[in-house]
Amino acid sequence: MKKKCELSLSDLRCTCDPKIFTFKNTSAIEPLDEVIGQERAVQAIEFGLNMKSSDYNIFVSGIEGTGKSTIIRDIVNKHAETIPSPVDWCMVNNFKDEYRPKTISVPTGKATRFSKTMSKLIDDLKEELPKAFEHESYQERQSDIQKKYSDPKKEILQKLEMSAAEKNIQINRTKAGYQTIPMVNEKTISPEEFLALPKGKQEEIEENITTVQAEIESTVREVNKINEKMNSQMEKLMEEVTLFVVRHRMDIIKDEYKDCKDILAYLDEAQADILENVKDFISHPEAKPPLEGFMFQAAKPSFQRYEVNVLVDNKSLKGAPVIFETNPTYQNVFGQIEKRAHMGTVTTDFTMVQAGSFLRANGGYLIMEIESVLMNLFVWEALKRALQNKLLAIEDIASGLGFGTLSLRPEPIPLDVKVILLGSYHLFYMLQNYDLKFNKIFKVRADFDHEVEKNEDTIQKYARFISRACKEEGLLPLTPPGVAAIVEFCEKYISNKNKLSLRFGPIMGILKEADYWARKENGRVVSDKHVIQAFKEYKFRYNLYEEKIHESYVDDTIMIDVSVDVVGQVNALSVFQLGDISFGRPSRITAETYMGKQGVINIEREAKLSGKTHDKGVLILSGYLGRTFAQNYPISVSISITFEQSYSGIEGDSASSTELYAVISSLSDIPIHQGIAVTGSVNQKGQIQAIGGVNQKVEGFFDVCKSKGLTGKQGVLIPRTNVKSLMLKKDVVDAVKKGEFHIYQVSTVEEGIEILTGVAAGTPDEAGNFPEGTVYGKVQEKLKRYLERSLKLKKEFED
């Protein structure tokens with residue numbers, strides 16, 4: 001059976017022949033300009049990019065290191081080059097409500113120019129309007145208006161004074177109004193003199209004063225009407241002069257932006273505001289001493305309301321924008337309203353509104369990592385809301401939550417953005433299952449594979465990828481043996497001889513480290529020697545813990561037998577995972593069987609040191625034992641199974657076949673050779689199933705055997721379905737070649753137990769009895785003895 005199941009050298013490792021490469025080094029071949037093995041993902045991305053509907057945003061899933069970010073950027077950038085650049089965006093004052101500033105679209109690349117044009121216009125008006133109002137023609141027209149209305153006022157006032165004089169009343173003008181003073185003998189009298197007059201005279205004077213005051217009120221009303229007419233005429237004159245100065249300047253700007261409705265509407269509003277506030281342009285407040293009126297100085301005219309805040313200017317852009325937001329905080333994505341400290345408080349205005357990546361990507365593509373998005377408060381909900389409503393609202397989070405001072409609420413901005421999120425499978429499934437809006441917004445999924453079929457075409461593409469990586473990163477070119485070593489590394493990394501890894505992150509790390517070792521030797525190219533050195537040095541930097549664990553096997557701190565035969569004891573194999581480093585080591589499994597009805601007792605489970613998958617694997621043993629040995633009579637046995645010297649949690653079912661072998665050995669009393677370690681899970685029908693980490697497990701047991709001394713009888717039992725995963729290190733292959741170590745493949749428990757014990761498993765006859773002398777025959781005999789003894793004891797107790 002051993003010879004039949006032993007693997008040949010060609011099964012242990014797949015080598016890449018450097019002769020398949022015809023180049024001298026990778027600098028002589030064309031760098032790769034396409035994507036390797038991601039046809040499904042690329043097709044999905046192109047579909048999503050070409051779908052115009054707003055709900056066809058893209059979620060890109062896949063494990064780390066498959067090149068998602070790089071590939072997405074390349075594809076999206078190429079697609080964006082074929083699309084016209086979008087319009088620019090500016091924020092301007094809302095002259096009707098300063099707390100609701102407006103956002104206007106500006107022709108592509110003209111936002112900054114428009115902002116400077118408006119600033120120049122205001123500066124020009126501040127100079128030209130005062131000149132216009134100081135011009136002789138304006139002064140003459142102003143004098144004519146004043147003269148036109150001053151004469152009627154004089155006549156009305158003279159008439160009032162004459163009427164008052166006839167009634168011996170003098171009218172004095174004060175800041176508070178008109179004051180009436182009585183006169184006697186053409187002389188004004190004081191209040192004391194008035195009281196000294198006869199009562200009849202006092203009544204006469206009071207009656208006259210009442211009459212004059214009524215005339216004063218009537219006169220004031222007439223004067224005010226005249227003043228209103230004069231002021232109206234003056235305002236019309238000022239508006240006419242202002243309009244004359246402003247209109248032709250505005251017309252020049254309007255002509256330049258005649259196809260932009262937003263700008264034309266804003267210019268009309270700005271012109272109306274200038275006409276209404278023209279005095280701000282012509283007033284010249286007198287300078288005051290430094291301390292005079294310090295606390296209550298009159299506010300200076302502000303021309304900031306005419307400024308244009310440039311949010312996005314796409315002047316330097318070629319095609320649609322592609323924004324990769326690496327830090328998707330709320331402010332970075334949606335924009336923010338900045339504040340200015342002033343006299344113990346904070347103020348803001350529309351010029352302090354800043355655009356985020358969402359607005360900068362408007363008309364193009366926004367790429368973000370979903371994990372970073374979910375880690376930042378409010379971003380995910382705001383993102384969904386913006387995509388659903390096709391509107392971007394730049395808001396102040398603090399004021400929206402009831403904190404801080406009153407802030408601006410700019411009008412929403414129309415959105416046309418394709419959002420691309422990068423994330424893991426776990427986050428995708430979580431959002432798909434628990435977020436009802438996710439499937440409505442992100443209807444395209446691009447799933448990146450981590451492996452590709454190995455053939456001549458993909459191997460040649462690998463060489464071109466290496467050529468591209470060396471060119472972009474400034475690395476030394478690789479020789480054909482160097483490329484072959486990288487290909488073999490990719491096969492081992494994916495644990496499949498028929499596949500190549502698409503996780504280019506680790507590959508890039510090896511290329512950079514191999515370049516370092518080549519340059520250290522003053523080499524001009526990277527050979528396989530440098531690639532292998534990079535592997536070894538990388539492992540050396542990270543395997544201190546592995547060496548410490550290995551020392552405990554060498555000094556027998558962890559008890560492992562590799563040369564004797566023991567009943568009910570098998571060496572299982574497990575994998576230690578420490579970040580990117582994983583290594584295998586053996587663990588002793590023992591099984592003890594005795595009379596009873598408890599069935600299989602998993603000591604790890606009883607001690608709460610086992611996981612659910614491991615518990616399942618142990619429970620499967622009962623099914624196999626019942627299927628094989630309890631067809632004619634019940635099994636009356638207790639079985640205790642444990643991992644010796646295990647003090648931490650155990651998970652996985654890869655040792656279930658090992659546990660079964662230990663149980664069968666204990667029941668049959670046939671020893672198992674400890675030089676052969678076992679890995680593989682088992683089902684209830686006795687079939688050996690594939691497991692993970694087969695290379696690490698084989699190499700780990702080989703290292704222990706090598707330290708304790710190779711005997712030529714040692715080896716590892718693996719599932720037949722894992723043969724394709726073998727990419728063992730050369731030390732193991734060399735030992736197998738010399739006959740010092742062996743690798744066996746099995747597909748059933750019967751094959752495995754025969755290799756471990758050297759005794760035939762046995763095939764049952766029609767009555768279900770196994771032949772004497774076989775492993776299963778001896779198991780059956782012991783189970784019968786247990787049953788007979790238990791029945792006999794039961795009868796004795798009953799008697």
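Colleague: Left-handed or right-handed: which is the crossing of α26 and α27?

Modeller: The crossing of α26 and α27 is left-handed (the near helix is turned anticlockwise from the far one by less than a right angle; clockwise would be right-handed). Keep in mind that this is a predicted model, where local features need pLDDT of at least 70, side-chain atom pairs count only at pLDDT 80 or more, and totals for chains, interfaces and linings use all residues. Residues are numbered from 1 along each chain as its sequence is written, and side-chain values use heavy atoms, with hydrogens and water left out.

Colleague: At what angle do α26 and α27 pack?

Modeller: About 65°, and their axes are 10 Å apart. Axes are lines fitted to C-alpha atoms, for helices over the stretch in contact, with angles from 0 to 180 degrees between N-to-C directions. Helices are DSSP runs (H or I, at least four residues), numbered from the N terminus.

Colleague: Which residues meet there?

Modeller: V698, E699, F702 and K706 from α26 meet D731, V732 and A735 from α27 (contact is heavy atoms within 4.5 Å).

Colleague: And how does α22 pack against α26?

Modeller: α22 (residues 544–554) lies at about 45° to α26 (residues 694–708), with 10 Å between the axes. That crossing of α22 and α26 is right-handed. On the α22 side you'll find H550, Y553 and V554, which meet D703, V704, S707 and K708 of α26.

Colleague: Switching topic: where does α8 bend?

Modeller: At V246, by about 30° (the angle between axes fitted to the seven residues ending there and the seven starting there).

Colleague: What span should α8 have?

Modeller: Its 58 residues (199–256) should span 86 Å at 1.5 Å a residue, and because the end C-alpha atoms are 82 Å apart, that agrees. The expected span is 1.5 Å times one less than the number of residues.

Colleague: Last one: how far apart are the axes of α19 and α21?

Modeller: 7 Å, with α19 (residues 480–494) and α21 (residues 528–542) at about 35°. P481, G482, A485, I486 and F489 of α19 meet D528, V531 and F535 of α21.

Terms used: Helix = DSSP H or I, 4+ residues; strand = E, 2+ residues; numbered from the N terminus.
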